[in-house]
Amino acid sequence: MSLRARFMDDLKAAMKAGEAGRVGTLRMISAKIKDADIAARPRGVDKIGDDEVVATLRGMIKSRVESATLYRQGGRAELAEKEEAEIATIRAYLPAELDAATLEAAAREAIAGVGATGMKDMGKVMAELKARFGAALDAGRASAVVKSLLTA
C-alpha cells in the first residue's frame, strides 16, 4: 500500500474515532503532499513518489523539532507538546532508520567504494548512500557520519 493510501485510510479511521489531533496532523500531511505534487508539475510529474513523500515528511519533522525547541525556550510547554505529538504521528509513516553502527559501516563501505579521500568527495559518498538505502537513509545523520569519517 502506498503512503498516500495509508494517509487516507488512517485519516478516515481517525475521523471515525474522533481523534481531533490526529485528524489535524493527517490533514496537514495531505496538504503538504498536495503542495509537493503541485511543485513537481513543471518537471512533468503528476504525483510525487513515496521517496519524495518521505523526504517531505522528514522536512516536516525537522521544522517541528525546531518549533518545539523554541516553544520550550519560550516557556510554552503546551505548544511544544502539540508539536511533539505531531512529530510522533509523522514518524509513524517513515521507514525504520538505520542504527548508528549500520550507518557507520555503510558510510565506510561507500567511502571505500567511491575511493573518497577527503571532503571534496562527500557528494559522491552521499550519492552512493542515497542510491543504496533510498528513503531509509536520514541524510542529516548520514552527512554527519560521512563528514566525521572523511575528516578523521
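Reply: Arg108 and Glu104 sit four residues apart in helix α5, about one turn of the helix; helices here are DSSP runs of H or I with at least four residues, numbered from the N terminus. Their side chains meet in a salt bridge, with 2.7 Å from N to O. The term salt bridge stands for a side-chain nitrogen of Lys or Arg within 4 Å of a carboxyl oxygen of Asp or Glu. Arg108 is partly exposed at 48% relative accessible area, and Glu104 is also partly exposed, at 32%. Buried means under 20%, exposed over 50%, and partly exposed lies in between, with a 1.4 Å probe and protein chains only. Elsewhere, salt bridges with shared partners tie Asp10, Glu19 and Arg22 into one network.

Please keep in mind that this is a predicted model, where local features need pLDDT of at least 70 and side-chain atom pairs count only at pLDDT 80 or more, while totals for chains, interfaces and linings use all residues. Residues are numbered from 1 along each chain as its sequence is written, and side-chain values use heavy atoms, leaving out hydrogens and water.

In total, the structure holds 12 salt bridges. One of them joins Arg4 to Asp37 at 2.7 Å, N to O. That pair links distant parts of the chain, with Arg4 in helix α1 and Asp37 in helix α2, 33 residues apart. Asp37 is buried, at 7% relative accessible area.

Glu86 counts as buried at 8% relative accessibility, whereas Lys82 is partly exposed at 47%.

Glu83 is another residue of α4 (residues 77-91). Glu83 is buried yet has no salt bridge, and the nearest side chain of opposite charge, Arg64, is 4.2 Å away. For charge, Lys and Arg count as positive and Asp and Glu as negative, with His and the chain ends not counted. Setting aside residues up to four places away in sequence, Glu83 touches Arg64, Ser67, Ala68 and Tyr71; contact means heavy atoms within 4.5 Å.

Now to the nonpolar side. A nonpolar core is a set of buried Ala, Val, Leu, Ile, Met, Phe, Trp, Tyr and Cys residues joined through side-chain atoms within 4.5 Å. The largest one has 21 residues, of which Phe7, Leu26, Ile29, Val53 and Leu57 touch the most other members. Helices α1 (3-17), α2 (20-40), α3 (50-73) and α4 each supply at least two residues of this core, and α2 gives the most, with six. Beyond its neighbours within four places in sequence, Phe7 is in contact with Leu26, Ile29, Ser30, Ile33, Val53, Leu57 and Tyr93. A second, separate core of 18 residues includes Ala116, Met122, Phe133 and Leu150.

Leu150 also belongs to the buried residues of α7, together with Ala142, Val145, Val146 and Leu149. Viewed down the axis of α7, these buried residues fall within an arc of 130°, so they line one face of the helix; the arc is taken over the directions from the helix axis to the C-beta atoms. They pack against α5 (100-114) and α6 (122-133), which brings us back to the helix of Arg108 and Glu104.
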